[in-house]
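Please keep the sequence and the model in view while reading.

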Amino acid sequence: MTRSTHTLTLDHGTLDVTVDLFGPEGHPFLLLHGGGGPGTVTPFAGLLAEQRPARVFTPVHPGFDGTARPEWLTDVTTLAQVYVQLLDVLDLRDVAVVGNSIGGWIAAELATLGSPRISSVTLVNAVGIPVPGHPIADTFSLTPVELSRLSFHDPSKFRFDPSKLTEAQRAVMAANRAALQLYAGPHAMADPTLTDRLAKITHPTLVAWGASDQVVDADYGRAYAQAIPDAEFRLLEDTGHMPQTETPEQFLPVLWDFAEAHATDRPRH
């Protein structure tokens, strides 16, 4: 893994984005982490780059893991614009965009912007839209242990002991939580305008969903897929909110096969 920082310029101003890269060559993936921070995707990024010819770029959402966030960056829509600019600065093509949870929301917003650098989009237990009758769990009212119970098919394999955290780790978790609350916005982790904009997506899209997710249930995922033209829906058995963490051996071939089926740029750079 190599880490780099890129200065981006948008209409709002400039900002620095930290990006971790796994893999020396192959199909480029932009892997967007969820509210738990970059650690929720780092092991999977390494696994994907190890098992497939892939270069996996995992940016740190500004404000997470001690990174700086400019005052004007307060919502997912603007963050998606940041990542469009990042793809330009990195000069990537044929990019498979993948996002989990709020990272899936960012990926959906990114897809609505229609960058020609993107060849496919995979939304993994994404949030971001209101679905009547299928509310998103209020994660901010839950303790980490309670959230773990909702997030995993088998929580016993992912036991969380807050007493073992160092003060530095507690500080990072608090900062991540504050950044997540800011990006989540005033509508309970959703943007009421997003559903209509999903109809504009032209990129091939896969909606992959852990069948045991109690943060956002599978019918919520089906509604997400139905809102995107020609999107595919794939249910992942014995899996909760974070397939890349709980069942990577099941999720990885699903993701890879979809990305490869819709690759556009050969030979790859």
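Helices (H or I, at least four residues) and strands (E, at least two) are DSSP runs, numbered from the N terminus. The model is predicted, so that local features need pLDDT of at least 70 and side-chain atom pairs pLDDT 80 or more, while totals for chains, interfaces and linings use all residues. Residues are numbered from 1 along each chain as its sequence is written, and side-chain values use heavy atoms, without hydrogens and water.

Strand 3 (residues 27-32) has six of its six residues buried, so it is largely enclosed by the rest of the structure; buried means under 20% relative accessible area (1.4 Å probe, protein chains only). In a regular strand the side chains alternate between the two faces of the sheet. Here both faces are covered, with His27, Phe29 and Leu31 on one side and Pro28, Leu30 and Leu32 on the other.

Strands pair if DSSP finds at least two bridges between them. Strand 3 runs parallel to strand 4 (residues 54-59), joined by four bridges, and Pro28 has Arg55 as its bridge partner there. Four bridges also join strand 3 to strand 5, again in parallel, where Phe29 is partnered with Ala96.

A cavity is a set of points, on a 1 Å grid over the protein atoms alone, where a 1.4 Å probe fits but cannot get out; lining residues have an atom within 4 Å of a point. The lining of the largest cavity includes Leu31, Val41 and Phe251. Strand 5 (residues 95-100) gives the most to this lining, with three residues.

How values were computed. On a 1 Å grid over the protein atoms alone, a cavity is a set of points where a 1.4 Å probe fits but cannot get out, and a pocket is an open set with protein on both sides within 12 Å along at least five of seven lines; lining residues have an atom within 4 Å of a point. Buried means under 20% relative accessible area, exposed over 50%, partly exposed in between (1.4 Å probe, protein chains only).
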